[in-house]
Amino acid sequence: MLKMMTFFQGLPGQQTVPGVPDLPRSSQKLPPTSEVESEASMSEASSEDLVPPQEAKGAPDRDEEEATKKKKKKRPKGLANVFSVFTKGRKKKGQPSSAEPEGQPESQPELSGPLPTAEELKADLERGRLEAARPLLVLERELQAAAAAGGESAEELVRRQSKVEALYALLRHQVLGLLLRPLDVAPERLRQALAVLTEQEREDRRAATAAAGGSGALVSARPRRWLQLWRRGVEEAAEERLGRRPAAGAEGLSEAERTFLHMGRTMKEDLEAVVERLKPLFPAELDVVAAYAESYHRHFAAQLAAMAQFELCERDTYMLLVWVQNLYPNDIINSPKLAGELQRLNLGSLLPPRQIRLLEATFLSNEMTSVKELMARALELECQRWARDVAPQRLDSHCHSELAIDIIQIVSQGQAKAESITLDLGTQIKQMLLLELATFLRSYQRAFDEFLERGKQLRNYRANVIANINNCLSFRTAMQQKWQTQDLPGHLLGPLSELKSHGFDTLLQSLFGDLKPLFKRFTQTRWAAPAQTLEKIISTVGERLPEFSELHDCFREELMEVVHLHLVKEYIVRLSKRSLVLKSAEQQQQLAGHILANAELIQRFCTQNGSPATWLHHALPKLAEIIRLQDPSAIKIEVATYATWYPDFSKGHLSAILAIKGNLSSSEVKSIRSILDVSTGTHEPFKSLFSLIKVG
């Protein structure tokens, strides 16, 4: 069933790009398919309207007075029985379907009764009696024989011919009138009309063969080409059916959309009726399905071609492409009831390939412009909410922003619209959308950085910062689901990582400021009470952690890793101040013990609060080991191992730690430092620790 009615609701200005639901049936129902339906049974959408204007008017009237004066001529013996094609409108069994081969005698079954006069035939034809076709053909043959014999005057032959032609005009009107409203005609009546048409085509061919052998005294009216007239009538009927003004309704659709929806629905329903009801009745050589399908196709294509000549708006460009590339080939040509018949006809596309490519290029340009504008508008509205100090929504106890949802929906709609035309066009626009999304994310990051600088005094500042950090998860998850990959390209993840990092820095700025004087106590007291100092630091951090509860769990863990890194880094900074020089091994071992205890406390606290930074676990204990060891060779081994874990551990950092060991000679220090000249072979990416620590 067609999927057209609501297809265009996702056009520009709409919120969604829907699927393609089933088309509701036309309000103009075709006549019932009963084999015993009467000619008077007509519905609004039936083929009564398919009668071409020239055939609906009827045959011109003839001068009946002249007809009554006609005298019966003596006919050559046997000519009255030339053909017996019809017997009460039916074809006899075993009768040939085409003219007899040239040079062979024609079968001449006898007529039942005398041959009617022209006046009697006229009366029969006016009453719609198609049985009159047979004796009319006999009259035509008699006239031809008389003309060939030369026994009558030219005036008499012309007078007789005019009567025959007048009768044929009546017969043509009756036959084509029935054939051009076939759904309103009883099957048996339709078969009669088809038999007459078929016989007239055979007579056209016979006359053409006879004419090749010589010229007669009369100008031949053959070929009459009734088959061409029928096909022309079908063409006109298709144009009239598809050209009707669409019924009111279908709210939300433009006039052009309603027009093409009407044409598509009408074509599909009419052709289904042709396949189901007419094909079993029509002779195969007439190919009734091809006649109707090709006529409907030509008119449909002409309408689209005419519209495509104009400068189209974005909506109409999309509509044309959807019809040409999707709805017409898939929902009409390949519909379940029509596919078997229409595929063999190779009707082709509604528009030429070059014009389709131009329309597709225009669509892609229009769509990307629209996507860019919609994204920019969404970001502008988000920035306005920040500036007005509007509190973010709360969703499951987390600060929430709709920006990511809006942006991904815009991207999804763009791709869905392209895919609703062709999957290939969907693939083309996907890459364009990814690039546009990356551009948007960079703009988003810049706008967020400006807010971080300018909005510090706003009451909902921190809540909006948290909401935007949470947005990073929404963006990442949506992109992974949209493109079914966990490995998103760096140009998409980069701006989000920067945004998140800057957000963390802002949230932690106050906490780290409070910790700075506490860390200074280590050097101010010359490490006299390191345990108490660290406990105060841990306590301060613990009191501030609830401030971050509205972050998503994954971001709370990442933020806790940042805190963990800060505690370890600042601890190492204090150790590297060169303010403490211990001469004895005992003093060095005592300091190493304090460092180990402090390292354990930091690790336990951070791990319990969600830090996943296991990579930091060796940072302080191994430094304590370097301070504890007294053998330079053992120290060198420990330093070499340490450098494999932390590749940014430099000679400067090592010198600052060795400065604590006042019992090492300068040559020993130089020897230990030289171990860092040896490459550790580490080339894998690593997280920074010592590169964050400046040493003198």
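Mentor: We start with a definition: a contact means heavy atoms within 4.5 Å. The model is predicted, so local features need pLDDT of at least 70, side-chain atom pairs count only at pLDDT 80 or more, and totals for chains, interfaces and linings use all residues. Residues are numbered from 1 along each chain as its sequence is written, and side-chain values use heavy atoms, with hydrogens and water left out.

Trainee: Which residues does K500 touch, not counting those up to four places away in sequence?

Mentor: K500 sits in helix 16 (residues 490-524). Beyond its sequence neighbours, K500 touches I469, C472, F555 and E558.

Trainee: Is K500 buried or exposed?

Mentor: Buried means under 20% relative accessible area, exposed means over 50%, and partly exposed is in between (1.4 Å probe, protein chains only). K500 has 16% relative accessibility, so K500 counts as buried.

Trainee: How many helices and strands does the protein chain have?

Mentor: Both are DSSP runs, numbered from the N terminus: helices are H or I with at least four residues, strands are E with at least two. On that basis the protein chain has 23 helices and two strands.

Trainee: What share of the residues of the protein chain is buried?

Mentor: The protein chain has 696 residues. Among its contacts with a separation of 6 or more, 78% join residues 24 or more positions apart. The buried share of the residues is 48%.

Trainee: What is F475 in contact with, leaving aside its neighbours within four places in sequence?

Mentor: F475 is buried, and so is F440. F440 is also on the contact list of F475.

Trainee: Which arrangement do F300 and W323 have: stacked, edge-to-face or tilted?

Mentor: The ring centres of F300 and W323 are 5.7 Å apart. Their planes meet at 50 degrees, so the pair is tilted.

Trainee: Which helices hold F300 and W323?

Mentor: F300 is buried at 0% relative accessible area. W323 also counts as buried, at 0% relative accessibility. The two are 23 residues apart in sequence, so their pair ties together parts in helix 9 and helix 10.

Trainee: What is the angle between the planes of F440 and F475?

Mentor: F440 lies in helix 14 and F475 in helix 15 (residues 461-483), so this pair ties together parts that are 35 residues apart in sequence. The pair is tilted, with the centres 6.3 Å apart. The angle between the planes is 45 degrees.

Trainee: How far does helix 9 reach from its first C-alpha to its last?

Mentor: Helix 9 (residues 288-308) has 21 residues. Of these, 15 are buried, so helix 9 is largely enclosed by the rest of the structure. The expected span is 1.5 Å times one less than the number of residues. The reach of helix 9 is close to that expected value, at 30 Å.

Trainee: How many residues of helix 6 are buried?

Mentor: Helix 6 (residues 187-211) has end C-alpha atoms 36 Å apart, in agreement with the span from 1.5 Å a residue. This helix is mostly covered. Of its 25 residues, the buried ones number 18.

Trainee: How many salt bridges does a search of the whole structure find?

Mentor: A salt bridge is a side-chain nitrogen of Lys or Arg within 4 Å of a carboxyl oxygen of Asp or Glu. The search finds 38.

Trainee: Which residue forms a salt bridge with R315?

Mentor: R315 is in helix 10 (residues 314-333), and its partner is 58 residues away in helix 8 (residues 255-278). Both residues are buried. The closest N and O atoms are 2.6 Å apart, and the partner is E257.

Notes
Rings of Phe, Tyr and Trp (its six-membered ring) pair if their centres lie within 6.5 Å; planes under 30 degrees apart count as stacked, over 60 as edge-to-face and the rest as tilted.
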